[in-house]
Amino acid sequence: MKIGIVCYPTFGGSGVVATELGMALADNGHEIHFITYKQPVRLDLLARNIHFHEVFVEEYPLFHFQPYELALSTKLVEVVSSYNLEILHVHYAIPHAYAAYMAKQMLAEKGINIKVVTTLHGTDITLVGSHPTYQAAVEFSINNSDAVTVVSNNLKEDTLRLFNIKTDIEVIYNFIDLKKYPEIKDSECNRSALATKGEKIITHVSNMREVKRPIDVIEIFYKIQQEVPSKLLLVGEGPEIEKMEQRVKDLGIYKKVIFMGNSNEVNKILCYSDIFLLPSETESFGLAALEAMAAKTAVISTNTGGLPEVNIDGVTGYLSDLGNVDEMAENAIRLLKNEELLDSVKKNALEQARSFSLEEIVPQYETIYRLSK
Ligand code: GMT
């Protein structure tokens, strides 16, 4: 099939899922066209069947806000008609589903029928999409998609609760390419570059926005390092970074915390890790937790949103109420002090990650495309 994929190209779960999906589909022989304002960070442009079309927004002094969705829908019309695309798969409702709907209407006038598949990722529903500023447009674009998918049962419930939905919604979980997580752990994973032999490594990966509660990460680690010699690896950049640095200084743990910035080699960084912290306020799925589990890492997270569908309490890690940093630290310390328990939880985490493998999940999207044609 010839499929257009629209996503955010930056670091962040929805863009990562869209990019990994596109590459997997290209590998399966589909012709994939990414249409977005910048090359997606994890995209391998040299791979077979992959094309990239950049959306330019013309600047004009009258515009206080640049009309990105107008430029995007125009580009969609151009790419769909030039390359005879059959499906447009848009990730993240705002503004992608709306732009795709407009493109569909414009193409219909030219006698071209394009099917629009919308995947909702979380904050496009929970934090942003349901805000009165956007709600009507988001609801309209969901109801007018040819197929709609969400990344967890919890997100489906949220979508049905927050919007008046008149269409079917299918749950297709986030997935992981386990081939990118070989046994780095035991072979080339050079922990000594980051920590001494006796130190444990705690990791957090996110775009350091408030919703991820990155200050809770620091508070949890502060308690952990009082009991267990350890280092904290922070991967990602975002608006909370300065506050985090300040908190780290205030607590006097600057030497134990490594700010690594953005990385598209998260799989390699995770190989160092014993425990992954994800104390998010909400998380439709928690792709970062799944990536950690694929790297055989125990997960300490909140029990919000779709996280309990991924991280199984007492099996692959532990779940706690939002903001309960004491309990999250206690759970981490218990694990870190008991090698046998830590090892079995890490193994369970990897086992759980296998049920979200690319091979398991990608065919579910292919079925959706076939049914919508
Ligand atoms: O969580 C983020 O900061 C990024 C965000 C996005 O849309 O890029 O991630 C959302 O989509 C991911 C992929 O489907 C999910 O795994 C994340 O849980 C979800 N984030 C939230 O719901 C906060």
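This is a predicted model: local features need pLDDT of at least 70, side-chain atom pairs count only at pLDDT 80 or more; totals for chains, interfaces and linings use all residues.
Residues are numbered from 1 along each chain as its sequence is written, and side-chain values use heavy atoms, with hydrogens and water left out. Helices (H or I, at least four residues) and strands (E, at least two) are DSSP runs, numbered from the N terminus.

**The seven-stranded sheet**

- Seven strands make an open sheet, ordered β3-β2-β1-β4-β5-β6-β7 and paired in parallel; two strands pair if DSSP finds at least two bridges between them.
- The edges are β3 (50-54) and β7 (169-171), each with a single partner strand, so one side of each has no neighbour in the sheet.
- On average, neighbouring strands here are turned by 25 degrees against each other, direction ignored; axes are lines fitted to C-alpha atoms (for helices, over the stretch in contact), and angles between N-to-C directions run from 0 to 180 degrees.
- β4 (residues 87-91) and β5 (residues 115-120) run parallel and are joined by five bridges, and His91 sits opposite Thr119 in β5.
- Helix α3 (residues 93-109) packs on this sheet, touching β1, β4 and β5, with its direction at about 160 degrees to that of β4; contact means heavy atoms within 4.5 Å.
- Helix α2 (residues 68-83) lies across β1 (2-6), β2 (31-36), β3 and β4, at about 160 degrees to β2.

**The surface patch**

- Tyr98, Met102, Met106 and Phe140 form a nonpolar surface patch with about 330 Å² of accessible area together (Shrake-Rupley method, 1.4 Å probe; for residues, only the protein chains shown count as cover).
- Patch residues have over 30% relative accessible area and no salt bridge, with nonpolar side chains (Val, Leu, Ile, Met, Phe, Trp, Tyr) joined within 5 Å and like charges within 9 Å; a salt bridge is a side-chain nitrogen of Lys or Arg within 4 Å of a carboxyl oxygen of Asp or Glu.
- Helix α3 supplies the largest share of the patch, three residues.
- Met106 belongs to α3 and, at 35% relative accessibility, counts as partly exposed (between buried, under 20%, and exposed, over 50%).

**The six-stranded sheet**

- Another open sheet has six strands in parallel pairing, in the order β10-β9-β8-β11-β12-β13.
- β10 (257-261) and β13 (317-320) are its edge strands, each pairing on one side only.
- β8 (residues 200-205) and β9 (residues 230-235) pair in parallel over six bridges, with Val235 in β9 as the bridge partner of Val205.
- Helix α12 (residues 339-354) lies across β8, β11, β12 and β13, at about 80 degrees to β12.

Definitions and conventions
Buried means under 20% relative accessible area, exposed over 50%, partly exposed in between (1.4 Å probe, protein chains only).
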